[in-house]
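Please find below a short note on the structure under discussion.

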Amino acid sequence: QTICVDNDNLLAAREATDYLYNLGHRRIAYLGNRNDSLYMEERRAGYQLSMLLHGLPALPDHCVEVEEQDHENTAPMEALLKQADRPTAFLVADDILALTLERVCILGGLKVPEDVSIITFNNSLVAQMAYPRLTAIAVNAYQLGQEAAGQVINHIQDPALPVTKTIVPHRIIERESCSRI
């Protein structure tokens with residue numbers, strides 16, 4: 001019974017994981033924020049679905065979630081990257097977390113994208129300014145806001161309007177943080 005404007009986060013995460021798979025990656029990890037938001041659950045589920053459809057194990061220790069405001073806690077990322085069979089690619093649920101992962105890789109002697117490929121969500125200025133620049137799922141934040149504002153205005157003008165759900169399209173922006181293996 002609520003107006004909803006969002007992306008199809010499950011589909012976007014699935015397509016991002018497929019993208020990494022198509023580059024030859026088979027040990028793909030998911031890095032997200034631990035919170036109760038639906039979009040984070042959908043992003044994790046999209047990753048898991050893609051892994052399942054490609055016949056790859058979505059290993060529990062390759063699905064790492066950190067506290068949302070604790071991007072300085074890099075221990076789970078460091079532990080994952082020190083594994084003998086470490087992931088060669090990561091789907092990361094947001095740009096700030098991806099930037100943290102990129103830093104952890106560099107400090108650990110790993111090169112992005114030569115050793116580890118990273119694809120992230122949101123396509124914020126952070127993704128565009130990182131080095132190397134982060135391949136990202138653009139969620140079209142401007143269009144999300146425009147659609148939401150339009151829906152609110154329409155419902156203020158006519159409260160009898162039916163409740164709607166609007167899905168804003170996403171797309172993958174290819175940059176330097178992913179490579180073929």
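Predicted model: local features only at pLDDT ≥ 70, side-chain atom pairs only at ≥ 80, totals over all residues.

1. The protein contains six helices and eight strands. Read from the N terminus, its elements follow the order β-α-β-α-β-α-β-α-β-α-β-α-β-β. For its 181 residues the globule rule gives 16 Å, and the radius of gyration of the protein is 17 Å, close to that value, so the protein is as compact as a globular protein of that length.

2. Dimensions and packing. The C-alpha trace spans about 60 × 35 × 30 Å along its principal axes. Of the 181 residues in the protein, 44% are buried. Among contacts with a separation of 6 or more, 76% are between residues 24 or more positions apart.

3. Surface and charge. In general, side chains of opposite charge can pair when their charged atoms come close.

4. Asp-18 and Arg-14. What is the N to O distance in the salt bridge between Asp-18 and Arg-14? The distance is 3.9 Å, which may be set against the cut-off of 4 Å used for a salt bridge. Both residues belong to helix 1 (residues 9-22), and because they are four residues apart there, about one helical turn separates them. Asp-18 has a relative accessible area of 17% and is therefore buried, since the term applies under 20%. Arg-14, at 30% relative accessibility, is partly exposed.

5. Glu-65 and Arg-44. A salt bridge joins Glu-65 to Arg-44, with 2.3 Å between the closest N and O atoms. This pair connects distant parts of the chain: Glu-65 lies in strand 3 (residues 63-67) and Arg-44 in helix 2 (residues 38-53), 21 residues apart. Arg-44 has a relative accessibility of 21% and counts as partly exposed.

6. Glu-176 and Arg-133. Which parts of the chain does the pair of Glu-176 and Arg-133 link? The two residues form a salt bridge whose closest N and O atoms are 3.0 Å apart. Glu-176 is in the segment after strand 8 (171-173), whereas Arg-133 is in the loop between helix 5 (125-129) and strand 6 (135-138); the two are 43 residues apart, and the pair links distant parts of the chain. Glu-176 is partly exposed, at 37% relative accessible area, and Arg-133 is also partly exposed, at 35%.

7. Leu-134. Is Leu-134 buried or exposed? Its relative accessible area is 0%, so Leu-134 is buried. This residue is located in the loop between helix 5 and strand 6. Leaving aside residues up to four places away in sequence, Leu-134 touches Asp-95, Ala-98, Leu-99, Glu-102, Ile-118, Thr-120, Ala-127, Arg-175 and Ser-177. For Ile-118, which is 16 residues away along the chain, the C-alpha atom is 6.9 Å from that of Leu-134.

Notes. Residues numbered from 1 in each chain as written. Heavy atoms only, no water. Rg over C-alpha atoms; globule rule 2.2 N^0.38 Å. Buried < 20%, exposed > 50% of the residue type's maximum accessible area, 1.4 Å probe, protein only. Contact = heavy atoms within 4.5 Å. Salt bridge = Lys/Arg side-chain N within 4 Å of Asp/Glu carboxyl O.
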